Amino acid sequence: MLAADEFSNHHARPEPSIPRVLTILSFVMEKLVARNNTLADGLSQQLDGQSCGLAGIGKSLNVFHGVRAPSISIPKYLERLYKYTDCSPSCFVVGYVYIDRLLHKHPDSLVLSLNVHRLLVTSVMIASKMLDDVHYNNAFYARVGGVSNAELNRLEVELLFLLDFGVMVSSRVFESYCFHLEKETMFNGACQRIERPLLVLSDVAEIRENSQSSLPPQISENTESSSPPKIVD
């Protein structure tokens, strides 16, 4: 995955303004992960070493588990996905819908620091394929997300089967999840409003990884470079 080091913006598009949905989703996911990490630690202690740590809880998500939690934070990771893939803000809402559906279908599974990044990049990529008229291919998302192309291909297939290929999201469901996310950040009766573009599902075009100028900085193992290193699991 990624480290939290700063990386070069040489190949990046101009700095985009951060959609409110990224701030809200970051808050919700960080709270969920913190709660689940505490729960998983407690369960592991109760099992008195009989489990294989956090990875042993919720076996449905084992394929999404890394050896260790990436050092890049959830907000920075979501910003990176948005910045380099140019996906629409709606993709992050729909990606959250997929994760929520997954947890309802497999209630024994927990979103943890070991799997949240892979769940996010996979769900957002699938959402982009469903929503955006033009989207990048898996190889590009893998580069942005800090995993190999082969791994992301495997994660995509795994997530689709775990969802029973239930990736359609109606405008009514989309609106209900926007409202739910907004309520999560409500403070003193005020909340941030998520952008609500018109959702139209149509044939989409794929941008292939054939132009070096469009690529995000390479994630290498050189920790001295300006790019965040790739974590070898």
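Aspartate 86 comes out partly exposed, at 46% relative accessible area (buried is under 20%, exposed over 50%, partly exposed in between, with a 1.4 Å probe and protein chains only). Keep in mind that this is a predicted model, where local features need pLDDT of at least 70, side-chain atom pairs count only at pLDDT 80 or more, and totals for chains, interfaces and linings use all residues. Residues are numbered from 1 along each chain as its sequence is written, and side-chain values use heavy atoms, leaving out hydrogens and water.

**Backbone**

- Most residues other than glycine have a negative phi.
- Aspartate 86 has a positive phi, near 60 degrees, and sits in the loop between helix H2 (74–85) and helix H3 (90–105).
- Helices here are DSSP runs of H or I with at least four residues, strands are E runs of at least two, and both are numbered from the N terminus.
- Aspartate 164 isn't a glycine either, yet its phi is positive at about 55 degrees.
- You'll find aspartate 164 in the loop between helix H6 (149–162) and helix H7 (171–184), and it is exposed, with a relative accessible area of 54%.

**Confidence**

- The chain's mean pLDDT (the predictor's confidence in each residue, from 0 to 100) is 80, and 70% of its residues reach 70 or more.
- Over residues 4–11 pLDDT stays under 50, with 22 contacts beyond four places in sequence.

Terms used. Contact means heavy atoms within 4.5 Å.
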